[in-house]
Amino acid sequence: MNIRFDKLGVVIAAIAAYAAFVAPFATFRANRIVPGQARSILEALPTATGALLLVIIVVAALIALFKTPLVLRLVASVVALVALALLVGVAGTFLTPAGNTFARISPAFGFWILIFAFTLLLADVLTRLELSPWARVGVLVLAAAAVGLLLVSGSWNDLSILKEYFNRADSFWAEGSKHVTLALGSLFAAVVIGLPLGILCHRVEKLRAGVLNVLNIIQTIPSIALFGLLIAPLGWVAIHVPGAAALGIRGIGTAPAFVALFLYSLLPVVANTVVGLAGVPRAANDAARGMGMTDRQRLFGVEFPLAFPVILTGIRIVLVQNIGLATIAALIGGGGFGVFVFQGVGQTAMDLVLLGAVPTVALAFAAAIILDAVIEMTTTKRRAETA
Amino acid sequence: MIEIEGITKRYDTTTVVDDVSMVIEPRTIAVIVGTSGSGKTTLLRMINRLVEPTAGIIKLDGADNRSVPGYELRRSIGYAIQGHGLFPHRTVAQNIATVPVLLGWDKDRINARVDELMTLYQLDPQAYGPRYPHELSGGQQQRVGVARALAAEPNVLLMDEPFGALDPIIRTKAQEDLLAIQKRFGTTIILVTHDMEEAVHMGDKIAVMDAGKLVQYARPAEPAISSRPWSAPAKGRSGCCRSDGCVTRWRTAPPRAKPSAATPASATHWPSYCGRAGRRYR
Ligand SMILES: Nc1ncnc2c1ncn2[C@@H]1O[C@H](COP(=O)(O)OP(=O)(O)OP(=O)(O)O)[C@@H](O)[C@H]1O
Ligand SMILES: [Mg+2]
């Protein structure tokens, strides 16, 4: 028999083997801030269950290792991921001493890289299946539903990150909605201002270099420095402009965070608008004018639709970037998931850091998938520019 | 009627259209031939004001073409763009409907018109209407470009090498169709081509351009045109058309200088055109 290895599969199998047999699966701590003790898969789970998980991991890794049918690889990755997700909850319950509310069980390094390895396998399969944009969004929804189900079912309730959540359920959702508002609101503002600015830069060549350079410089200012820079002017505005304070404009808090995110968002939106409009085939513009479209009709009927995928790419960059950056807003009292991250760092409570970080990453990931799908949907129709 | 009076276009210091005057009678076809870069497209685009002339006036039925806004003017003039210029993001049907939509025709009328034109150009409306331009062959794209120019039944039609990508059979058919349309609606047409057969066949008059100048404007039957002076070789260049005797004929029947402008005879040996036009599509 001719045995052939899958290139990516070799890497995945190596990672999985290391994670399953060498790295710790879970961490046990007597309370939330003491250093933890590592537990392997067999230690963290009842013997039979632990053995079952090892078998699943080994079989899935072998399927990844060799050249196997795509469907088999799909099944292997999904089964492995589901088993890991379910059993990490079981480990939480199993490792928690009965009646002990201080002990903290958290997924450890080995668990995370197992998740990483099989997500890689799944992503590879999905890419090779060349799913349509809708199907990809569908997969995302399915995955989100599965995670939601696990959360609601309570099978993860004994994990440390959820214990942190239960202590802060109210503020979690409040900060979460602040986070999303901050990220989406600044994106929205950037689109409202950046699109016309990009169009202007496209039409007026003299403006272009100047505007893009200024935005470029803003982009290079470190975020914390930018927050700092904004405190003084916004503080001044709050004191001297009537009604500004009533609108929530202050030197610290949401206002400077919003303004900073907005400023960071401008460059990708403006630059992509300019690039997108510049990429509109000359022949199409020419035809638009030749058929008797006014400048406005040409802008909305021809230039804009043709530049749209490129502009959307800019918006995708901004959204993902903003979801991440909004974390920093907590530093100046702007709220968001960053609140948990920085509190956690302050208390050296890793679980609390994760409570802020995990949803942020998940949001950014979901935003990227959804916008990629939208971009692809708008592009396929108008693919090749004809000669 | 289209009256072109002393039209000049200069880009920086280069003059691409040089003091051209000509009159295109209503309900006739004027064909413009000339070497690549001789200013044919530029001349055409000054008629619908896609290019603003440096000097000169163009009148349509006696009215200066600057008396209405450019976009309004262009809606009333059909324009088949060199290399088709279809909108890549719009379907074939939407492309053809462009001007009628701009003019605010009602939906049924637009649909009927699109179907009619597609059928005329042998593109099944059901099969091709919903397609995007990149899903068509070059020849099909070109036919759609012509159909789009005809869509709003314009009185004046500017066509820039509209049949270049068509095979001889469809090309002949397209020419006949255009002639039929022109007869039926009395359209005034200016057509740019590199194909001399086409020029002679379609043109009531043929204009020859060289280096921005109009060097000849006459009926195909007139001696100067029928002796095909534009296929004579440039002075000092090896002639590719000597064999068919045009050089001799040119000597015996020298081309008439442009009626108005005093073009020196020495400047009127429409050079380098031989290979391309005279022979290409025989
Ligand atoms: N926007 C412009 N700026 C500068 N020069 C131009 C511009 N448009 C056209 N030209 C020049 O004007 C000259 C005439 O161009 P035009 O397109 O009218 O030629 P043409 O006779 O249509 O040629 P072809 O047969 O190749 O289509 C060319 O030398 C071209 O380089
Ligand atoms: Mg041309």
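Me: Which residue in E9(B) does Ile32(B) stand opposite?

Reply: First, the ground rules. This is a predicted model, where local features need pLDDT of at least 70, side-chain atom pairs need pLDDT 80 or more, and totals for chains, interfaces and linings use all residues. Residues count from 1 along each chain as its sequence is written, chains are lettered from A and ligands numbered from 1 in the order written, and side-chain values use heavy atoms, without hydrogens and water. In E9(B), the residue opposite Ile32(B) is Ala207(B).

Me: How many bridges join E3(B) to strand E9 of chain B?

Reply: Strands are DSSP runs of E with at least two residues, helices are runs of H or I with at least four, and both are numbered from the N terminus. Two strands pair if DSSP finds at least two bridges between them. E3(B) and E9 (residues 205-210) run parallel, and the number of bridges is 5.

Me: In which sense do E3(B) and strand E8 of chain B pair, parallel or antiparallel?

Reply: E8 covers residues 188-192. Ala30(B) stands opposite Ile190(B) in E8(B). Over 4 bridges, the sense is parallel.

Me: How many residues of strand E3 of chain B are buried?

Reply: Buried means under 20% relative accessible area, exposed over 50%, and partly exposed in between, with a 1.4 Å probe and protein chains only. Ile29(B), Val31(B) and Val33(B) point one way, Ala30(B), Ile32(B) and Gly34(B) the other, and all are buried. For E3 (residues 29-34), the count is 6 of 6.

Me: Which protein residues are donors of the magnesium ion?

Reply: Donors are N, O and S atoms within 2.8 Å of the metal (3.2 Å for Na, K and Ca); water is not among the atoms, so sites may look incomplete. Here they lie 1.8 to 2.3 Å from the ion, ligand 2. One sits in helix H1 and the other in the loop between strand E6 (77-80) and helix H3 (92-96) of chain B, 41 residues apart. The donors are Thr41(B) (OG1) and Gln82(B) (OE1).

Me: Why does Thr41(B) count as partly exposed?

Reply: Partly exposed is the class between buried and exposed. Thr41(B) falls there because its relative accessibility is 23%.

Me: How far does a polar side-chain atom of Gln82(B) lie from an oxygen atom of ligand 1?

Reply: A polar contact is a pair of N or O atoms within 3.5 Å; within protein, one must be able to donate a hydrogen and the other to accept it, and residues adjacent in sequence count only if both atoms are side-chain atoms. For Gln82(B) and ligand 1, the distance is 2.8 Å.
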